[in-house]
Amino acid sequence: MCLILFAHDVHPRHRLVVAANRDEFYARPTAPAAFWDDAPGVLAGRDLREGGTWLGVTRGGRFAAVTNVREPEAYRVGAPSRGFLVSDFLRGSMSPEAYAERLAATAGEYNGFNLLAGDGRSLVWLSNRGEGPRVLGPGVYGLSNALLDTPWPKVELGKEDLRRALEGASDEALVAALFATLARRDPAPDVRLPATGVGVERERALSSAFIATPEYGTRCSTVVFFGRDGALSFTE
């Protein structure tokens, strides 16, 4: 998952609105979103190589998602899969705060990550490249392959799109607007590209919301609403 745009406690009907793209190598085996046979309350896609997921929800209103931190020079082969950070929270019953505090003690075992975890009462962000868990207040946020709200062009543009979309009158219009945002293929100008160690050409290819390179790109787009009335909408 390489782009997550979300609005927490700012919409009149929805306490959480999420729009996310999962970017991955095309060769990595993946199952589309479904309720899991071994965890019937979990609705998520699945990484068929390791068994975890990048974004999911539960019937009880739990939510979690993860992005990788782009730092090729620090990548460690054999580190545990970051997809289990999401699936373990979804399968469990710990509060987001307690889960993040427990995870913080072992977070250094993983390659760089950002984790979002919520349960309808609170929403927490944790990165093992940050300063510890943070309980998020109301607001519009963006997360890619750096720390929360790092002003990469696609994060800033996506947040602007999300703010405008939230002003729409209907959920149908909101869904359409968010999928249009996730489908953007306009690369950032070279002068605004981050420098993450992959070279300018690669940075340019990865700078749009929707990525399409010969071997790697956006594998799925997801929009999730958590209604204030308890209803949940999940569209992949």
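Reader: By class, how many charged residues does the lining of the largest cavity have?
Author: Heads-up: this is a predicted model, where local features need pLDDT of at least 70, side-chain atom pairs count only at 80 or more, and totals for linings use all residues. Residues are numbered from 1 along each chain, and side-chain values use heavy atoms, without hydrogens or water. Alongside four nonpolar residues and one polar residue (Asp, Glu, Lys and Arg count as charged, Gly as polar, Pro and Trp as nonpolar), the charged count is three.

Reader: Which elements give two or more residues to that lining?
Author: The lining includes Trp152, Pro153, Lys154, Glu203 and Leu206. Going by DSSP runs (helices at least four residues, strands at least two), the elements are helix 3 (153–165) and helix 5 (200–206).

Reader: What gives the most to the lining of the second largest cavity?
Author: Lys154, Leu157, Gly158 and Asp161 are among the residues lining the second largest cavity. Strand 1 (3–8) also supplies at least two, but the top contributor, with four residues, is helix 3.

Reader: Which ring does the charged end of arginine 46 sit over?
Author: Sitting over a ring puts CZ of Arg within 6 Å of the ring centre and within 35 degrees of the ring normal. Arginine 59 does it with phenylalanine 35, at 3.9 Å from the centre. For arginine 46, at 3.7 Å, the ring belongs to tryptophan 36.

Methods:
1 Å grid on protein atoms, 1.4 Å probe; cavity = no way out; pocket = protein on both sides within 12 Å on 5 of 7 lines; lining within 4 Å.
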